[in-house]
Amino acid sequence: MHEAQTPAQGETAVASRVRPVVLAPLKDGLAPEKRALAEDLRRVFLSLGISVRRYAARRFLNPSSVTRYLSGERLPPWDFVAGVIADVEEAQAPLTPEAEAALRELHREALKSNRHSSEVQALQDKLAEADEDTRRITTRQRALEEALRDREGRLAKVRGRCRNLEEQLEEQHLSHRGEVELWQGEYVRLQEECGDLQEQVIYLEGELAVTRAELIAAEDRCHRLENRLETLQELGDEAEQSVGAPSLMMMLEEADRRSSVPELVRAVGDLELRTRKAMASELVRAASQSRTIEEVAGLLSALRQAGFDAHAQTALPAMVMVRSLDDTSALARQLSREGLEEYVLILVRASVKFHQPEEVAAFARALCRNGLHEYAESLLGAAAVVRSAPDLVSVALALAGGELDGAVVTAMSAAAAERPMSDLVTLSVMLRETCLERPADALQKAAARTRSASDVAEFVRALGRHGLAQDAETVFAETQNRSIGHLIPLVQALHDNRAWTVLSQAARHRPADDVAVLISELYLTGRHQFAANLLVLTVRTRPAEQIAGLLRMLGAMAPGTEAVMRASARLLAPEEACALLTCLERSGLTAPAEAVFRCIVYDELVGHAGQFLAALARSGSRYARVDVLGGHAAGMGESTVASLLLALESASLLVHLDAIIEERYLRCPVVDVVLLARRLHSIGGAGPRVDRVLDRLVEHTVRVRSLTDQAALVTALRAAMLDRCAERLAAESLAAHGGRFKDELTREETKHEQKVMSRAFWLPDRPRHRRDRRDRRDRRP
């Protein structure tokens, strides 16, 4: 191997052209490694073609030292070998990488025979590697800084574009919103105009029907007069009387006097055949207004059987307006007996539309007297939906205390389900003012049971504004008895402390499944504080099996039990979070209790975590025991442990604090203690809390650690610019150990200083540019 690692033939040829150089012979008794290195080094040196003394003068070396290096008497440092290689590269062709690597390997093998030199060289190699890593990291840092500046510039440009787009969108939104409002106003105006025109159309259609009937009657009269005139001219007066066609007036007069029901039906049919429907309806109306109730009922029944139902329905509203209430109620009874319920309902609707409130009440009583109680309820229900609030109160007041009192209550339920909330508020106020307590209660309870959550919330607020606070509370209490699907939007619609009242009632009285649905929906809709408070209240008031069922239900819903627990731990006050954890712990629910503990102790701020730990200690929780906290601290990172120590100090749990310090930081490397001190300062700043934790750390260090560790820790703290902690440790150690610590600290501070009596201290510095070049070559792979 030694011969294979000699320089190339070209190098030997160059050496043969220079003047022969005489070197001192190799020293006897050399180790094989040193001899091999000396022989190869001599070969390389001879290729320079200069003497030892000249080379020593060129490199500011001692000639005797160079002679000893080349003879093997003394092991040369790698700097000398690298310098020779560099000089050969300047003078002629460089060595091959294989030859240079072989020299380096020989030098390493030679160093191994000398332990001190081997350790020095190993440290030098590690220093070179560390320097290479430093330069590589520095280069990467510069590249990252440049990339960061580039991305920040691009981010600023993109944000600028986003702002411009937002401004443009806002301008467009404003312009479009103005146009939308303009068109909406136009749309409302057109809707109103459409409604007015629709009313006019209905009115004109009615007028047109009447006018057509009058036109038909006038045409019939003209036709009759023409016939009479022609007859008089041709046959005389007697003949004229025999051929004259019956007129509408004559038919109406006959209907009023003595025409039978079959004759009236036949007359209606004749008019239908002549497409004179308006005349037919007028005929039926006239007959209904003048005949007895039995005849009218028979006529309407016969018309329906003959297929003339439309004329019968047209006559009924007119009867309500012209006939007495007793006649109308008697007709309703007669129609009901004959199975014409549809006609009875027409009478009821007409009464609601045309009668005054007192007449509506009287008609309802008349219907009830005639055994039509259900139609009386229908009448009152329809009136409650369509009549104005004062009319409805008048009807209720007229019927108060009578046999239709229950029907009025039922009608109020119909009004609560159909009328606008403003009408319900007005009705409530008017009913209370007229002392109609039972209808008012029925109205409010029906609204609470049937209306939407937003309507109920509006109703409660409006009642409170109108001075009906007790009514508002009644409605609020009643609506909470509805399904869980109603409570969720109710909580969202309520904007005061009533929302929490709903949730607290649900936590105490609702099944665990309903409470789980509530918590999940509150969390998903962003009301996390309500969800957390509801969870705590439920856990504190339910038995263990119900709590377990609640958590199982939460686990089957979005977002899951763990997410809800973590959100609750972040939002709850320390005392509430402690109550949640202790209740879960007493119920044997270890996993959710662990989630709450980790969320607060591992993630929350120091002050919050400290109050939480203090509350746990007062409650006697196992999570406040020294062994449990120590087990958690053993698996924590430095940042989390630092936060935990500060939290324990703020909670005055000094026994726990000392236990964690003794367990983790009295047998660890010194660098871990320094990292902890720096992390404490970065989390707590330069405050008294951090100083108190560091003081206890110093006390334990002085009491337990060796003098060597204490001195090394003082030096490391000073190097990390933690001067106060370093000085406190130095003062405590000096007071406890006296001169022994002072001597150990001196040795620690001076162990890396160069000794004055060493030869290296007196050697002159090499030229920097050649040393840098040799360093680069040494780091070449």
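**View 1. Buried residues of helix H38 in a predicted model.** In helix H38 (residues 707–719), the buried residues (under 20% relative accessible area, with a 1.4 Å probe and protein chains only) are Leu707, Gln710, Ala711, Ala712, Leu713, Val714 and Leu717. Helices here are DSSP runs of H or I with at least four residues, strands are runs of E with at least two, and both are numbered from the N terminus. Among the elements that cover the buried residues of H38 are helix H36 (670–684), helix H37 (688–704), helix H39 (723–737) and helix H40 (739–750). The 13 residues of H38 reach 18 Å from first C-alpha to last, close to the 18 Å expected at 1.5 Å a residue; the expected span is 1.5 Å times one less than the number of residues. Methionine 721, which follows H38, has a positive phi near 65°. Residues are numbered from 1 along each chain as its sequence is written.

**View 2. Helix H32 and the glycine after it.** The end C-alpha atoms of helix H32 (residues 606–619) are 20 Å apart, which agrees with the 20 Å that its 14 residues should span at 1.5 Å a residue. Buried in H32 are Val606, His608, Ala609, Gly610, Phe612, Leu613, Ala614, Ala615 and Leu616. Just after H32, glycine 620 has a positive phi of about 80°.

**View 3. The largest nonpolar core.** A nonpolar core is a set of buried Ala, Val, Leu, Ile, Met, Phe, Trp, Tyr and Cys residues joined through side-chain atoms within 4.5 Å. The largest has 173 residues, of which Leu584 and Leu613 touch the most other members. Helix H27 (residues 528–541) gives the most to this core, 8 residues. Leaving aside residues up to four places away in sequence, Leu584 touches Val539, Ile547, Leu551, Met565, Leu589, Pro592, Ala593 and Val596, where contact means heavy atoms within 4.5 Å. A second, separate core has 28 residues, including Tyr69, Val81, Val88 and Leu111.

**View 4. Packing of helices H2 and H5.** Helix H2 (residues 32–46) and helix H5 (residues 78–91) pack at about 35°, with axes 9 Å apart. Axes are lines fitted to C-alpha atoms, for helices over the stretch in contact, and angles run from 0 to 180 degrees between N-to-C directions. Leu41, Val44 and Phe45 of H2 meet Phe80, Val81, Val84 and Val88 of H5.

Methods
Predicted model: local features only at pLDDT ≥ 70, side-chain atom pairs only at ≥ 80, totals over all residues. Heavy atoms only, no water. Buried < 20%, exposed > 50% of the residue type's maximum accessible area, 1.4 Å probe, protein only.
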